[in-house]
Amino acid sequence: MAVVIDADVWEPNPALYIFLFASSLLSILCFPVNSNPRASNVLDHSLSPSLSRFRRNFIFLFSISSVMEGLWAVFGEYELTHYGVSKDQMVLSLCIGCVAALFVGSFLGILSDLIGQKKVCLLFFMLHLFVAIWKRVNANPSVWIASICLSLASSIFFFNFETWMVVEHEQQGLRQDVLNEMFWLMSLVESASFIGSQVLGNWLIAGNAESITHSLPVAAAILAIVALIFASRGWKEFPQTAEYKNYQIKFHTLFADRRIWLLSWVQACVHFSSSVFWILWAPTMVADGREILLGLLYPCFLGARMLGSTAFPWFNGPLSLRTEEYLVYIFILMGSVLSIVAFDYQEIEALLILFCIFHACVGLVLPSLARLRTMFVPNELRAGMMSLSLFPSHAAFLFFLVQRSYCHNLENSTIIAAGALGLFTAAGCMHMLKRLGKQLHQDWHKS
């Protein structure tokens, strides 16, 4: 899907790459640091030595993890095609992975809260290592096993790293404004690492399709081993003291708060719309037989997401906008973009612009939701809340996937429209959260 193949087909103007990455760099360089004197950067030596070391190690480890996630995501379909997997088998493996994420991945966050984020992080690396070895030693590896393991790893990737970072900062007694920078920096690093995974994969393949059976698994295995060693020996985690009974009581209390339900639904809608995009963007682009170098569009989307991530400190710094307020309009914009794609035929250039706008919004939304979680969710329950919030997203995605692929009851445009509808409901939820938050912004960490 993201492998560049030479052909006389449409490709984006190279100036678009320059614009996106130059704009992201300019947004970072022009940010007025003095507008928030309490803010710090990832290399700030005014922080305690242990926290500064953790931040540097964390960014490095998170980058490696993002590259591993990106390798399988970018080259997954291309790899399955090389192994001779049919379209029906691909859909079945996708359904199996979705079921694993629905019934197992949705509850791994609770395990992370109870046993500690570091142990679950090691599980993440071991899953990637197992898949890499499995694909390397088997001539025809089972796509089911790989799909299950990678789906569980993606679930862990979503909630565990953010929770780990926040918990470590809480142990140092730091304010939320210090966390805000890490939120957008994680989003920026993730997008840049995904682009790096495409560059790495194309370099490893080097036009030779046969090398995909050994070069990519070997690279993924090396990265997983490095990450395992670095995570296990790099630093020690604060001990977990939570007991399941007390955790269960706190969790029931947490979900008695309407704000948590609203925030969970918003996260589910964002995740569902993003999943729909990554499944259907390529068929939408090549509709009516249009020929496009899809691999060249992938960095455009992630570059737009990087630009959106760099806008987060502006919205929460010099512009001094309340998170719930600007997210209402961002979700309306995202829903409108998907609605145009679903109901109105567009030329390639128009689709590219719309998809870049969508991803720029995603880049702003992800750190903003992380900030809201810090305001409303106690850190000892954060991973469990995040993983459970994806349950409706996985369920809806599985439903639409089955209806489209097996029952043939739905068109691609209908699924995209469902993603747009979810984003419009997310805007409504954010408006309700804004009204509740005016009076109920209590600090869970002091309770």
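1. Two rings of Phe, Tyr or Trp count as an aromatic pair if their centres lie within 6.5 Å. By this rule, the count comes to 29 aromatic pairs. Keep in mind that this is a predicted model.

2. Start with Phe277 and Phe355. Their rings sit 4.9 Å apart, centre to centre, with 80° between the planes. The pair is edge-to-face, because angles over 60 degrees count as such. It links distant parts of the chain: Phe277 belongs to helix α10 (residues 258-285) and Phe355 to helix α13 (residues 348-376). The two residues are 78 residues apart.

3. Phe355 also pairs with Phe301. This pair is edge-to-face too, at 5.9 Å centre to centre and 85° between the planes. Phe301 lies in helix α11 (residues 294-315) and Phe355 in α13, so the pair ties together parts 54 residues apart in sequence.

4. Phe277 has 4%, so it counts as buried. Phe355 is buried at 3%, and Phe301 is buried at 0%.

5. Look next at one aromatic cluster. Its members are Phe54, Phe58, Phe62, Phe124, Phe125, Phe157, Phe161 and Trp164.

6. Now two helices. The axes of α4 (residues 108-115) and α14 (residues 382-389) come within 7 Å and cross at roughly 175°. Angles over 145 degrees count as roughly antiparallel, so α4 and α14 are roughly antiparallel to each other.

7. Which residues of α4 and α14 meet? From α4 come Leu108, Gly109, Ile110, Ser112 and Asp113; from α14 come Arg382, Ala383, Gly384, Ser387 and Leu388. The residues of this contact divide into four nonpolar, four polar and two charged.

Notes:
Residues are numbered from 1 along each chain as its sequence is written. This is a predicted model: local features need pLDDT of at least 70, side-chain atom pairs count only at pLDDT 80 or more; totals for chains, interfaces and linings use all residues. Side-chain values use heavy atoms; hydrogens and water are left out. Axes are lines fitted to C-alpha atoms, for helices over the stretch in contact, and angles run from 0 to 180 degrees between N-to-C directions. Helices (H or I, at least four residues) and strands (E, at least two) are DSSP runs, numbered from the N terminus. Angles under 35 degrees count as roughly parallel, over 145 as roughly antiparallel, 65 to 115 as roughly perpendicular and the rest as oblique. Contact means heavy atoms within 4.5 Å. Ala, Val, Leu, Ile, Met, Phe, Trp, Tyr, Cys and Pro count as nonpolar, Asp, Glu, Lys and Arg as charged, and the others, Gly among them, as polar. Rings of Phe, Tyr and Trp (its six-membered ring) pair if their centres lie within 6.5 Å; planes under 30 degrees apart count as stacked, over 60 as edge-to-face and the rest as tilted. Buried means under 20% relative accessible area, exposed over 50%, partly exposed in between (1.4 Å probe, protein chains only).
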